[in-house]
Amino acid sequence: MDCIFCKIANKEIPATIVYEDDYVLAFKDLNPVAPQHVLIIPKKHIASLNDLSQEDEVLMGKVILVASKLAKELGIDDAGYRIVSNCGKNGGQTVGHIHYHLLGGRELQWPPG
Ligand code: AMP
Ligand code: ZN
């Protein structure tokens, strides 16, 4: 499948991996928009939030738990941070494999543009 994040999960293209287990992978965003910017994905290919089904309930829970764990490891938990999953054109999604951005290390704007 021609999916860049599946290729990263399969080690076909390189990435700076910061967490990995059987189900979840986290790696640094190539174009960070904050001092800490990590992408967290399920290894299973799911295109977006629109494509989640009941069977993904536990898997996506694992993804969120990795975000929480990484925020502590990166030392941004106390100051605060954000996780966000862009969905579709209006959401600004550019890669069609569901992912959460973990953003921290500076004060983030709200609402987003
Ligand atoms: P989104 O626009 O929400 O779909 O987010 C996709 C993110 O993937 C962007 O922040 C890109 O900078 C990032 N990205 C694209 N290709 C790579 C790659 N090969 N390695 C790491 N991050 C990437
Ligand atoms: Zn994929």
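**Shell of ligand 1.** I started by sorting the residues around ligand 1 in this predicted model: seven are nonpolar, seven polar and two charged. For the sorting I took Ala, Val, Leu, Ile, Met, Phe, Trp, Tyr, Cys and Pro as nonpolar, Asp, Glu, Lys and Arg as charged, and the others, Gly among them, as polar. The shell holds 16 residues, and Asp-29, Asn-86, Thr-94, His-99 and His-101 are the closest; a residue gets in if one of its heavy atoms lies within 4 Å of the ligand.

**Ground rules.** Local features need pLDDT of at least 70 and side-chain atom pairs need 80 or more, while totals for chains, interfaces and linings use all residues; side-chain values rest on heavy atoms, with hydrogens and water left out. Residues are numbered from 1 along each chain as its sequence is written, with chains lettered from A and ligands numbered from 1 in the order in which they are written.

**Polar contacts.** I looked for N or O pairs within 3.5 Å. The side chain of Asn-86 puts an N or O atom 2.8 Å from an oxygen atom of ligand 1.

**Who lines up.** Helix H1 (4-9) and strand E2 (24-28) are the elements that give two or more residues to the shell, and H1 has the largest share with three. I took helices as DSSP runs of H or I of at least four residues and strands as E runs of at least two, numbered from the N terminus.

**Rings.** I counted one aromatic pair, with centres required within 6.5 Å (planes under 30 degrees apart are stacked, over 60 edge-to-face, the rest tilted). Phe-5 and Phe-27 have ring centres 5.3 Å apart and planes at 75°, so they are edge-to-face. The pair links H1 to E2, 22 residues apart.

Most residues other than glycine have a negative phi, and most peptide bonds are trans. Lys-11, in the loop between H1 and strand E1 (17-20), has a positive phi near 65°. The bond from Trp-110 to Pro-111 is cis, omega near 0°; Pro-111 lies in the segment after strand E5 (100-104).

How values were computed
A polar contact is a pair of N or O atoms within 3.5 Å; within protein, one must be able to donate a hydrogen and the other to accept it, and residues adjacent in sequence count only if both atoms are side-chain atoms. Rings of Phe, Tyr and Trp (its six-membered ring) pair if their centres lie within 6.5 Å; planes under 30 degrees apart count as stacked, over 60 as edge-to-face and the rest as tilted.
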